[in-house]
Amino acid sequence: MKYLICGLGNIGPDYANTRHNIGFMVLDRLASRLSTGFDSGRHAFVSQGKFKGRNLILVKPTTFMNLSGKAYCHWLNSEKILIENSLVITDDISLPFGKIRIRPKGSNGGHNGLGNIQDMLGHSTYPRLRIGVGSDFPKGRQSEYVLSPFDPEEEAGLDELLDRCCDAVEAFTTIGLQMTMTQFNK
């Protein structure tokens, strides 16, 4: 069985370790676990690996955050993957740092990457893993906040968070969405 795991972020060194790129960070950690690397593909950096007999296609869009749907939809369609076998990984300022939420559907919550995916799909019913990056910013400074690096305290907990997110992705591909939600949405 094939799964599409799409981590959202922005390409380039200026964005590499920012809160908005936590989706890319999770996929980099997951690719390392699967002993695979990324190659350039259509609209994305792509990696393929196996986990417990499942084929995982990891996609990091090169379209920048606001056009993430272009890469997600392309790989979903070209690999003929059912939408329920896909998972979009993104940052979320509505959740405190370190909290994760897995859902089968939902609003974009003002997130431009999720908004573009929903626009391209024409609906909001697709699994997503939202990762809390906190909201410690003054009013009107959201963009600066999500495009800034993690502070030292957050940095100290980042490895554990990335590993927990990878565990959640692996669970999603083996035990399914509902049981993964029960296990990780604490």
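I'll start with helix α5, residues 152-175, and helix α6, residues 177-184, which pack at an angle of about 150 degrees with their axes 7 Å apart. This is a predicted model, so everything I show is computed from it. Angles over 145 degrees count as roughly antiparallel, and α5 and α6 are therefore roughly antiparallel to each other. The crossing of α5 past α6 is right-handed. On the α5 side, the contact is made by Arg-164, Asp-167, Ala-168, Ala-171, Phe-172 and Ile-175. On the α6 side we have Leu-177, Met-179, Thr-180, Gln-183 and Phe-184. Sorted by class, that contact has 7 nonpolar, 2 polar and 2 charged residues.

Staying with α5, the next partner is helix α1, residues 22-33. The axes of α1 and α5 come within 9 Å and cross at roughly 70 degrees. The range for roughly perpendicular is 65 to 115 degrees, so α1 is roughly perpendicular to α5. From α1, the contact takes Ile-22, Met-25, Val-26, Arg-29, Leu-30 and Arg-33. From α5 it takes Leu-158, Asp-159, Leu-161, Leu-162, Asp-163, Cys-165, Cys-166, Asp-167, Val-169 and Glu-170. By class, there are 10 nonpolar and 6 charged residues in the contact of α1 with α5, and no polar ones. Note that Asp-167 is in the α5 list here, and it is also in the α5 list for the contact with α6.

In α2, the residues are Ser-68, Gly-69, Lys-70, Tyr-72, Cys-73 and Leu-76. They meet Gly-113, Asn-116, Ile-117, Met-120 and Leu-121 in α3. The contact of α2 with α3 divides into 6 nonpolar, 4 polar and 1 charged.

The largest pocket has a volume of about 360 Å³. Which elements give two or more residues to its lining? They are β5 (86-92), α3 (112-121) and α4 (142-146). The lining comes to 19 residues. Of these, His-20, Gly-110, His-111, Asn-112 and Gln-142 lie nearest the centre of the pocket. As for class, the lining has 4 nonpolar, 12 polar and 3 charged residues.

Last, a single residue. Gln-48 sits in strand β3, residues 44-51. Leaving out residues up to four places away in sequence, Gln-48 touches Thr-36, Leu-56 and Ile-57. The C-alpha atoms of Gln-48 and Gly-69 are separated by 20 Å, with the two residues 21 apart along the chain. Gly-69 is one of the α2 residues in the contact with α3.

Terms used
Residues numbered from 1 in each chain as written. Predicted model: local features only at pLDDT ≥ 70, side-chain atom pairs only at ≥ 80, totals over all residues. Heavy atoms only, no water. 1 Å grid on protein atoms, 1.4 Å probe; cavity = no way out; pocket = protein on both sides within 12 Å on 5 of 7 lines; lining within 4 Å. Points joined across faces, edges and corners; volume = space filled by probe spheres on them. Helix = DSSP H or I, 4+ residues; strand = E, 2+ residues; numbered from the N terminus. Nonpolar A, V, L, I, M, F, W, Y, C, P; charged D, E, K, R; others polar. Axes fitted to C-alpha atoms, helices over the stretch in contact; angles between N-to-C directions. Parallel < 35°, antiparallel > 145°, perpendicular 65-115°, else oblique. Left-handed = near helix turned anticlockwise from the far one by under 90°. Contact = heavy atoms within 4.5 Å.
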